Amino acid sequence: MLSRSHFQLHSRTRFRFLSISSPFLHNFSPIPKFPTKSRFRQPIPLIIRNSSSTPNSGSITAKPSSELRNKPKNSEPDDKLRRLRELFSRPTINIDAYIIPSQDAHQSEFIADCYARREYISGFTGSAGTAVVTKDKAALWTDGRYFLQAEQQLNSSWILMRAGNLGVPTTSEWLNGVLTPGSRIGIDPFLFSSDASEELKEAISKKNHKLVYLYDINLVDEIWKEARPKPPNTPIRVHDLKYAGVDVSSKLSSLRSELTDAGSSAIVISMLDEIAWLLNLRGSDVPHSPVMYAYFIVEIDGAKLFIDDAKVTPEVMNHLKNAGIELRPYESILSEIESLAAKGACLWLDTSSVSAAIVNTYKFACNKFAGSIGSLINKNKRTIPLGPNGESWEPSAVNKSSPVCLAKAVKNEAELQGMCNSHLRDAAALAHFWAWLEDEISNSVVLTEVDVADKLLEFRSAQKGFVDTSFDTISGSGANGAIIHYRPDPNRCSTVDAEKLFLLDSGAQYIDGTTDITRTVHFGEPSSRQKECFTRVLQGHIALDQAVFPENTPGFVLDAFARSALWKIGLDYRHGTGHGVGAALNVHEGPQSISFRFGNMTPLLKGMVVSNEPGYYEDHSFGIRIENLLIVKEVDTPNRFGGIGYMGFEKLTFVPIQTKLVDLSLLSTAEIDWLNDYHNQTWEKVSPLVDGSARQWLWNNTRPVAKPH
């Protein structure tokens with residue numbers, strides 16, 4: 001599945017845990033550590049958010065699409081905008097514009113329903129986008145995956161901004177153009193990373209606008225009121241050590257070594273998958289992602305987890321106690337940040353992910369602390385007290401990328417084994433599914449795109465260790481396949497047309513791994529145009545799969561491998577080619593990616609998992625995508641130029657690629673050999689797991705092909 005990172009310029013470089021003795025790390029060369037400039041500026045007056053809500057919602061589990069809460073276009077969008085604008089003039093607010101991002105307070109891609117504020121106010125249900133409302137205008141920015149969807153879902157009160165298209169302004173450029181100089185632009189500082197807020201503040205300052213942090217109120221929540229879903233509070237669970245591979249104490253020990261080396265006394269971790277990975281815990285607070293809403297602070301001599309304790313079972317409590325972790329209320333994170341500043345703690349803050357609310361609370365508290373120290377010095381004519389190493393005892397921040405992100409991305413042997421096992425069970429489910437679907441279509445059974453997605457869920461649910469889907473299934477027939485992140489609506493979806501291309505992008509969360517696979521098929525006779533486009537996408541897929549590259553190569557270097565065959569006839573696609581995938585965690589994870597956006601310098605390291613998913617889309621006609629997941633591995637090459645090693649890929653996904661769609665005359669002998677070898681491996685690995693019609697389908701679809709004479 002295409003991640004949001006496919007469409008964003010990666011501006012941060014991740015750092016590894018430095019403790020080489022850590023059992024969960026593979027050996028690899030360190031990433032160059034680029035200096036990070038402190039972005040702290042003048043303190044912003046602090047208003048602490050009050051939270052009195054008690055989470056009491058039910059469990060989030062995988063459900064058929066037909067049972068999902070339908071989210072149609074807002075019936076009264078103008079009324080929502082009117083009520084939102086009425087809040088602008090409150091004396092305690094006093095703003096001229098309000099920005100509503102897609103994220104929750106943890107910069108999550110998938111979020112709980114109660115945090116879907118941009119969706120509520122705009123009616124646009126895509127996973128990525130930003131809404132901006134002024135006193136007389138409303139605009140929504142989204143990327144190329146969602147242009148068609150946004151056109152369908154936004155009403156006439158909204159202006160659609162096709163981000164990335166020539167001449168389309170950014171949010172700050174647009175605000176600078178439509179607002180009177182000196183205007184006040186409001187944001188919820190919990191929903192913006194510190195970096196994002198600082199960049200926004202700098203951009204709007206060109207017109208003397210002021211960025212206003214509204215700590216104690218979210219304006220969308222204020223008009224959503226009782227209709228807003230309750231926050232989730234389902235129990236969390238321990239992720240078994242046989243799947244995690246490394247215990248919590250070892251992970252924390254490595255992290256503390258990293259803190260010491262950086263001269264920091266504590267780190268604030270707010271990314272939910274980083275917390276789940278560090279603590280070997282899994283939750284169900286967020287659809288498709290086995291994470292729980294929490295903050296985590298690790299100090300040299302202790303650790304605190306900020307979470308709703310209603311989610312903590314006795315087993316989880318014992319698990320945390322054994323690792324020396326204390327519990328604190330989720331809402332008390334800012335008061336703890338202030339306490340750490342008052343104690344003189346030097347906090348490690350990843351300002352690209354930690355919210356502006358947390359960073360500015362720490363900054364404000366540090367300034368307050370410095371002021372009190374200054375008063376003490378003036379009164380007693382003493383110098384500033386020194387810390388244990390002789391340094392000046394003044395709190396300050398270490399602004400670096402979180403070391404947890406890269407450590408999580410480089411999978412250990414237990415995690416990789418779980419990924420391999422879960423992918424084979426997933427392949428068995430897909431063999432049963434495709435056999436069923438082809439039989440239904442051949443018998444002229446009328447099926448909607450939602451029917452197909454529901455049946456796939458049924459087959460996956462029967463597999464051992466199934467937990468949830470890893471994202472909403474993209475089931476698109478004909479023109480809907482050209483909507484890159486299409487999600488069929490039970491009330492408005494199409495039927496599966498046997499005479500059109502059908503694109504299915506889906507994935508699952510298993511207890512031991514996470515899957516993500518896309519296949520494009522035709523149930524009738526594809527046109528020569530469709531076959532040529534499909535074949536060139538396949539050629540790109542093969543080229544990337546077979547790539548061999550020097551160690552420390554960043555993913556963007558490989559992106560052109562997947563596009564070259566399309567470029568030769570003047571075609572392309574508007575998304576990146578690969579994203580990282582978690583081990584029984586988020587289906588999209590950083591820091592690695594394979595994308596034409598060259599800002600991400602993270603090298604592809606042994607043990608990382610990435611997707612390989614080139615595609616091609618003709619608006620209002622058809623879409624094609626072929627996706628497998630790959631493990632980055634070492635490759636034994638005849639030479640080692642420069643004395644360095646070389647890397648390549650090992651396949652995780654084993655599901656047939658429909659050969660009926662391949663124009664074999666376009667393939668080289670080597671490409672046909674790749675296809676036949678892939679299908680031979682698929683038969684050998686998956687056939688023992690299926691029987692009956694599924695086994696016959698697998699046999700039929702893994703037969704070797706030959707280049708026509």
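What does N552 count as at its relative accessibility, and why?

Mentor: N552 counts as partly exposed because its relative accessibility is 35%; buried means under 20% relative accessible area, exposed over 50%, and partly exposed in between, with a 1.4 Å probe and protein chains only. The model is predicted, so local features need pLDDT of at least 70 and side-chain atom pairs count only at pLDDT 80 or more, whereas totals for chains, interfaces and linings use all residues. Residues are numbered from 1 along each chain as its sequence is written, and side-chain values use heavy atoms, with hydrogens and water left out.

N552 sits in the loop between β21 (549-550) and α17 (559-567); helices (H or I, at least four residues) and strands (E, at least two) are DSSP runs, numbered from the N terminus. Although N552 is not a glycine, its phi is positive, near 70 degrees. K225, likewise a residue other than glycine, has a positive phi of about 50 degrees, and its loop runs between α6 (219-224) and β7 (237-238). Another backbone feature is the cis peptide bond between G590 and P591, with omega about 10 degrees; P591 belongs to strand β23 (residues 589-594).

Turning to helix packing, α8 (residues 248-262) meets α9 (residues 272-279) at an angle of about 120 degrees, their axes 7 Å apart. That angle makes α8 oblique to α9, since angles under 35 degrees count as roughly parallel, over 145 as roughly antiparallel, 65 to 115 as roughly perpendicular and the rest as oblique. In this contact (heavy atoms within 4.5 Å), α8 contributes V248, K251, L252 and L255, and α9 contributes W277, L278 and L279. Six of the contact residues are nonpolar, none is polar and one is charged.

The largest cavity holds about 80 Å³ of space. Its lining consists of W434, E438, R519, V521, V655, P656, I657, Q658, W697 and N701. The elements giving two or more residues to that lining are α14 (413-442) and β20 (517-522). Six lining residues of the largest cavity are nonpolar, two polar and two charged.

Key
On a 1 Å grid over the protein atoms alone, a cavity is a set of points where a 1.4 Å probe fits but cannot get out, and a pocket is an open set with protein on both sides within 12 Å along at least five of seven lines; lining residues have an atom within 4 Å of a point. Grid points are joined across faces, edges and corners, and a volume is the space filled by probe spheres set on the points. Ala, Val, Leu, Ile, Met, Phe, Trp, Tyr, Cys and Pro count as nonpolar, Asp, Glu, Lys and Arg as charged, and the others, Gly among them, as polar. Axes are lines fitted to C-alpha atoms, for helices over the stretch in contact, and angles run from 0 to 180 degrees between N-to-C directions.
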